[in-house]
Amino acid sequence: MRFIKVPATTTRIELVQYHSPKGYLKERKSKQDIWESGHGVGHVCLKVKNIQEAFFHLKKHGDKITFASDRPDYGPFQLEQADPDSVQFFPIREGLSKHQRMMADLIGRVSSLFFRDPYGVTWVLDQVSS
């Protein structure tokens, strides 16, 4: 994972390379197939201060967006605390336990919400608790 800061802004671009599990190439019949199958990782992520408030605002415009689930109880969800030993950095190097613990702690403090806008763009809202 690498972060690129856009000069003269507070914007960062996150670049991620997945190493595991190994993916596979699947022919898509339509753009909708990406959402329905769960394939495709391209998205725009915004860090928000109050994810519940953002969620309720988005629900008011529910006819224009599609949430990742249509279950009535769908909403922002807290990520589970990660085991530091399961956090890996590539290339694998010895002595990263401090960074692994920091990343595992960060993962456990994130709440997320996924939705798609009318143009088919996937958005993720993240709130990091202190």
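F67 is buried in this predicted model, with a relative accessible area of 17%. Buried means under 20% relative accessible area, exposed over 50%, and partly exposed in between (1.4 Å probe, protein chains only). Residues are numbered from 1 along each chain as its sequence is written, and side-chain values use heavy atoms, without hydrogens and water. Local features need pLDDT of at least 70 and side-chain atom pairs count only at pLDDT 80 or more, while totals for chains, interfaces and linings use all residues.

Rings of Phe, Tyr and Trp (its six-membered ring) pair if their centres lie within 6.5 Å; planes under 30 degrees apart count as stacked, over 60 as edge-to-face and the rest as tilted. The count comes to 6 aromatic pairs. F55 and F56 form a tilted pair, 5.6 Å centre to centre with 45 degrees between the planes. F55 is buried at 6% relative accessibility, whereas F56 is partly exposed at 47%. The ring centres of F67 and F115 are 6.5 Å apart and their planes stand at 65 degrees, so this pair is edge-to-face. It links distant parts of the chain: F67 lies in β4 (66-67) and F115 in β6 (110-116), 48 residues apart. Strands (E, at least two residues) are DSSP runs, numbered from the N terminus. F115 is buried, with a relative accessible area of 7%. One aromatic cluster is formed by F55, F56, F67, Y74, F115 and W123.

Strands β1 and β2 run antiparallel and are joined by 4 bridges. Two strands pair if DSSP finds at least two bridges between them. I4 stands opposite I13 in β2. A8 lies in the loop between β1 (2-5) and β2 (12-15). Its phi is near 65 degrees, a positive value in a residue other than glycine. A8 is exposed, with a relative accessible area of 85%.
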